[in-house]
Structures are given as structure tokens and as C-alpha cells.
Amino acid sequence: MTIHNGYDGEHNEAEHNHPGMVGDAELGYYARRARAIESLLVEKSVCTLDEIQEMVDRIEARSPADGARVVARAWADPGFKARLLSAPEASLAELGYSLPETTPKLVVVENTDEVHYLVVCTLCSCYPRALLGRPPDWYKSLAYRSRAVVDPRGVIREFGLELSDAIEVRVLDSAADLRYLVLPRRPAGAEGLNEAELARLVTRDSMIGVAEARTPEGAQTG
Amino acid sequence: MTEHSDHPVNASTQYRPGNLVRVRVDAPAGHFRTPTYIQGKIGRIVALCGVFPNPESLAYGGDGRPAQPLYRVEFVQSQVWPQYSGPAADKILIDIYQRWLEPAPAEEPGGSDDHS
């Protein structure tokens, strides 16, 4: 069973429709359950509907393009890269990203010629949403969550990357209060590119660690 | 773990980077964040990630005290999965709360960690 092809479908639209847009009868089981929980939270004054909507909007406003911008800056500016690795939140603020106080602490790990990090959350679907938005569906699948820890090289191979045995693979199981972003290796042949061009080489998958960044040639064909 | 009304705000930090620890084997009722596949395994503390309210308490409306030091712990893959087919250097790193850790026994028979 391949994780990539089988699980990369479009997200169920009903799951993030806004309240009032669709009648309950048209919603699936999980959407109805989410709505019931939402109603209870509001009834019990845990939070308001506006606060829920604000958080949804905040996450929806982020996408892998935001992470790509950060990675491209790190490739282009060694000083920024050092700050990103040592104090991620402060360095993101330099680019205008202020992570909400409730956001779990962000940690950036660097893939190099010697070490390759791969991120998974075996318990649920912890993901650096504050920067990358919602995770892809396959990231939340049982297949990925169970296989990424047991056979990371096999999973990475299914995403199209064959890692040399000389590279140490480090799986990060983000089961607690930290969220991990992978800083992928800067691809060969990208020397003359500006930051915007570099950002186009940075894929979501490369920031999870199941793939590498695209090469300039690969970016042109694919 | 018994909950006391006067429990301290933070548990004091017991481990340092480099220490060998064993993950406790337990299946407490309710919510916990220590994957079962890593329980009983011996790993090495890589870093102290901070001190966080105990999620096992927060999940049921508790105050999260005593807050738990959270460590990044590194395990050698071939010691976690006997059938692991990748290179001996491959690792798995997991963030684990202090209350799930105990000092590793001094000698681990059959341990193949080269401590390089």
C-alpha cells in the first residue's frame, strides 16, 4: 500500500464549511460531531463562535507557501538561518509572522548531507499549523503514522527519494508540546536564484521530511 | 500518581543531556502522550525542551501541576524495532515528559549502542 497516492485526496469540503452554510442533514458524521462540540463549547461559555472562527481563519490563512518563504530566506541568508534554528519564533517575527501565544513551541531542524529528519505524530496529527496551515490528509492517516516510525526509509522511498545508507535518518515523533519544521537541504544548481525563485523549490513534503526540495530543473518540468 | 491539592507548580528537573533513561511501561486510564511502542525502551536525553503543564491532568480539567519537564529523547532504531533494516546509526526522537522516565539500569545486557 502506498501512502502517497492513496491518501493525498482533496480534503472533505464539508469539514471546514462555516456555520450556517450547510444544513446539518447534508453534513457527514464528523462534521456533525464537530458542530455539536462547537455548540457545547459556546453554550458552556468556554469560548465564543467568533473565537472559533478566528482560529479557523488564522489556520486557513497559512499554507506551505509561508513555510517556503521562511526556508528560502534561510537558504539565502546564513545569519537568518542561524537565528531560525536557535530562536524560531523571534526569527519568524522578522518576516512578519507573529505566532499566537497559544501556538505550541516551534522547533526547526536542518537536513544536511549527513542527517535527514522526518516528522510524524504517531498519537494524532501534530503539525506546525501556525506556519504551514493544515496538514495533508496522508499525514493524519494511520498508514503514515504507523509506518513512518517503523520504516522511515521505505516511506521516504515511496515519496520518490532514495536515501543513501551514509545518511543518518532521524524520525521525530512530535507527541507532546513542540511542533517541528524541517529545513530541507538547498538543492544543487540553485546558486543564482533570488528568494522568490528559491521559495518555488520548497515543497510542503520537503518541510515534513518525506522528500527533498525540488531542483531548479525539476521545478521547471513539474 | 496521586493528585494532591498542594502539589508543586513544577516538578524539578531530574535529567541532563547525555543521561540514559528508560521509558516507564504504563497504561493509565485516560489521556497520555507516551506512545506505547517506546515504553520499556532505553534512550538518551538529547535536550530539555522546556517545562509544560501535564497534559494528562489538563485533559480532564486539571491544573496541569506539577508541570512536567519535557525531554527530547533519542533511541537507536534497531533497539526499538528488532527487525529494523536500516543503518545502525538511524534514530527515533520523541519528546517525553519526565514522569514517564526513569534512570536506565547501569548495564543493559545485549545493548549495542556504541556511544560514539
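**Where the chains meet**

Start by selecting A:Asp173, which stands opposite B:Ile94 in strand S4 of chain B. Before moving on, know that this is a predicted model, where local features need pLDDT of at least 70 and side-chain atom pairs count only at pLDDT 80 or more, while totals for chains, interfaces and linings use all residues. Residues are numbered from 1 along each chain as its sequence is written, and chains are lettered from A and ligands numbered from 1 in the order in which they are written.

Now show strand S3 of chain A, residues 168-173, together with S4(B): the two pair in the parallel sense over four bridges. (Strands pair if DSSP finds at least two bridges between them; strands are DSSP runs of E with at least two residues, helices are runs of H or I with at least four, and both are numbered from the N terminus.)

Next, select the whole contact: 18 residues from chain B and 18 residues from chain A. Residues are in contact when their C-beta atoms, placed from the backbone, lie within 7 Å. On the chain B side, strands S2 (42-52) and S4 (91-97) each supply at least two residues, and S4(B) gives the most, with six.

**Into chain A**

Click A:Val171. Not counting residues up to four places away in sequence, its contacts include A:Leu118, A:Ala148, B:Ile92 and B:Leu93. A:Val171 is also among the residues with the most contacts inside the largest nonpolar core, along with A:Val71 and A:Leu118; that core has 61 residues. A nonpolar core here is a set of buried Ala, Val, Leu, Ile, Met, Phe, Trp, Tyr and Cys residues joined through C-beta atoms within 7 Å. Select helix H4 of chain A (residues 64-76) too, as this helix gives the most to the core, with six residues.

Zoom out to chain A: you'll find 13 helices and four strands. Of its 222 residues, 32% count as buried, meaning 20 or more other C-beta atoms within 10 Å of a residue's own, with exposed being 12 or fewer and partly exposed in between, all C-beta atoms placed from the backbone.

**Some single residues**

Go to A:Ser45, in the loop between helices H2 (29-43) and H3 (49-60) of chain A. A:Ser45 has a positive phi of about 60° although it is not a glycine. Why is A:Ser45 called exposed? Because A:Ser45 has 7 other C-beta atoms within 10 Å.

Finish in chain B at B:Pro66: the peptide bond from B:Arg65 to B:Pro66 is cis, with omega near -5°.

Methods. Two residues are in contact if their C-beta atoms, placed from the backbone, lie within 7 Å.
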